[in-house]
Amino acid sequence: MKASMPSTEKARRKGLFTRLGRLFINGLNSFLRNARLHEPNNKAFLQSLNALMVSIEPIFEEDSHASIEVNKDAIFVNEVRVRPDASCSASYRALIIDFNRRGVGGILIKEGCNKQNLIDTARIWRFNEPGEESLLDTLNEQIKEAGAEHFIAFTKPRFIADSEEESMGDPREFALHVYGQAVSYLRGLPRQIAMGKMASARRAKRLVQSFVDLSSRRDFNFTALAVIKNYDEYTYSHSVNVSVLCISFGQRLGLSRSELVDLGMAGLFHDVGKLSVPINILNKPGKFDSGEWQIMKNHSTKGFIKLISMPEFGPAHFKRAIVAFEHHCDYDLGGYPRKSNPRPLHLFSRICAIADTYDAMTSKRIYQPAFSPDQAIKILLEKSGKKYDPLLVRAFVSAMGVYPVGTVVVLDTGEVGIVLEANPYSLSMNRPKVKLVGKSPDDPLLGTVADLTEQDEKGRFKRTILHPADPAFFGIDVAKFLFSDIQTSNSGQGV
Ligand SMILES: [Fe+2]
Ligand SMILES: [Fe+2]
């Protein structure tokens, strides 16, 4: 782990590896115990081998290695301290004793390790019983002789700092970091594909998991991330914004964490087919000719093909390919591509179509100025039932509010503010929290957050929205203003 990793990311890994680590600890202990007791063709041994493989598989979703290191009376899994609970306390203790007696700090298993590599390791472990000396060099020599040195290594005992007590940082800082990483991931995809490399979605999944974790934080309005726009790299920031909006909306719909990750992935990759569309077509200021329009429309099918060609693609990933294919089909199936077998669109496609349109409309493009968030909501409502699922549009409007986050509003006090957070109560939807722009650069109210439900001593509202306004009229960069107090090294954004 890098020292510069934001503390929220550390907290996420802490939770994840505590859960996965306990399974890994049980799996490894059972495997090594069976290796000592049984021959490699024994049923119990083979069962423990399978269980070990199953326990490390989800760790490879996160990192390219799975490690267990014993440090005095503690075990670290992928450098995260795992505390034992009732489910693993016996294995925990046994592993500490076993590793210490052999003078070995731990074991490192790399992605790509197969069953034969583990069977060889079991044999080597079995025939090297503890003695006076450390067995570390002997074990690793034998691993090399077995040809497994690229996948398995026993490691030296070392001191590992336990950093779990570190305080939680500003979630907005972490959110901007993850946003930047997601844009940079998408920016690198076309080059990888052009070089003939098989592009992996694993890194993307880790980023989307971080988004899902952030979306459940009470101290951070996750939807605000989608106000970040990048005019020069529209396709990338648009895809990240659609992922953010999908997750945020999906959470309001009550989807589970794993469904939110699937939905966020679907949002991130919905336009992956556009990454190979020539830039002169993508950024054409005027109308497309018929050939160009055909190329643009093909991005749905191309995206589907790209996604099912990714190396780790399996049945669990089918939803994201379906969304890439269906996100322009329209609720009434009048869009593109025309489906030969007209079946209702997948729920994720209907959600993504709304998030996609909302972000596209609120972004400035060569051929269109940006609509304000409240105008975008009006357009969604107008096309509800035709292009968009009417029930979902209603739910989206209720989640975003009549003045969605990022809307510039003029108040009855003469002040100008930017909506920071929607009011969750339907009767007070017109009273969100706003960040005040201030009447001059040295206005003490500049940057303060005003809750529009606040009343004075006579019960009158202190501030009320008169009307939304165009940020360009006031020269406001909405994303910059909302995140202006954050120092970030993150690159590639319009923040
Ligand atoms: Fe699209
Ligand atoms: Fe899109």
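Predicted model: local features only at pLDDT ≥ 70, side-chain atom pairs only at ≥ 80, totals over all residues.
The domain assignment divides the chain into domain 1 (7–155), domain 2 (171–400) and domain 3 (408–482). The centres of domain 2 and domain 3, taken over C-alpha atoms, are separated by 29 Å. Where these two domains touch, 9 residues of domain 2 are in contact with 9 residues of domain 3. On the domain 2 side, the touching residues comprise 4 nonpolar, 3 polar and 2 charged.

The sheets come next. Strands of a sheet pair through backbone hydrogen bonds, and the pairing can be parallel or antiparallel. One open sheet holds 5 strands in the order β3-β2-β1-β4-β5, with antiparallel pairing. Its edge strands are β3 (80–82) and β5 (152–155), each of which pairs on one side only. From one strand to the next, the twist averages 25°. At the β5 end of the order, strand β4 (residues 106–110) joins β5 in the antiparallel sense over 4 bridges. To find this pairing in the structure, look for Ile-109, whose bridge partner in β5 is Ile-152.

Another open sheet, also of 5 strands, runs in the order β9-β8-β7-β6-β10, and here too the pairing is antiparallel. The edges are taken by β9 (449–451) and β10 (465–469); each has a single partner strand, so one side of each is left without a neighbour in the sheet. Neighbouring strands in this sheet are turned against each other by 40° on average, direction ignored. Strand β8 (residues 433–436) pairs with β9 in the antiparallel sense over 3 bridges. Within this pairing, Lys-433 has Asp-451 of β9 as its bridge partner.

Finally, there is a pair of helices to explore. Two packed helices are described by the angle between their axes and the distance between the axes. Helix α8 (residues 234–252) packs with helix α9 (residues 257–269) at an angle of about 155°, and the axes lie 7 Å apart. Angles over 145 degrees count as roughly antiparallel, and α8 and α9 are therefore roughly antiparallel to each other. The crossing of α8 past α9 is right-handed. On the α8 side, the contact is made by Ser-239, Val-240, Val-242, Ser-243, Cys-246, Ile-247, Gly-250 and Gln-251. Helix α9 contributes Glu-259, Leu-260, Leu-263, Gly-264, Ala-266, Gly-267 and Leu-268. Sorted by class, this contact of α8 with α9 has 8 nonpolar, 6 polar and 1 charged residues.

Methods
Residues numbered from 1 in each chain as written. Chains lettered and ligands numbered in written order. Axes fitted to C-alpha atoms, helices over the stretch in contact; angles between N-to-C directions. Helix = DSSP H or I, 4+ residues; strand = E, 2+ residues; numbered from the N terminus. Parallel < 35°, antiparallel > 145°, perpendicular 65-115°, else oblique. Left-handed = near helix turned anticlockwise from the far one by under 90°. Contact = placed C-beta atoms within 7 Å. Nonpolar A, V, L, I, M, F, W, Y, C, P; charged D, E, K, R; others polar. Pairing = 2+ DSSP bridges. Domains from an automatic or database assignment.
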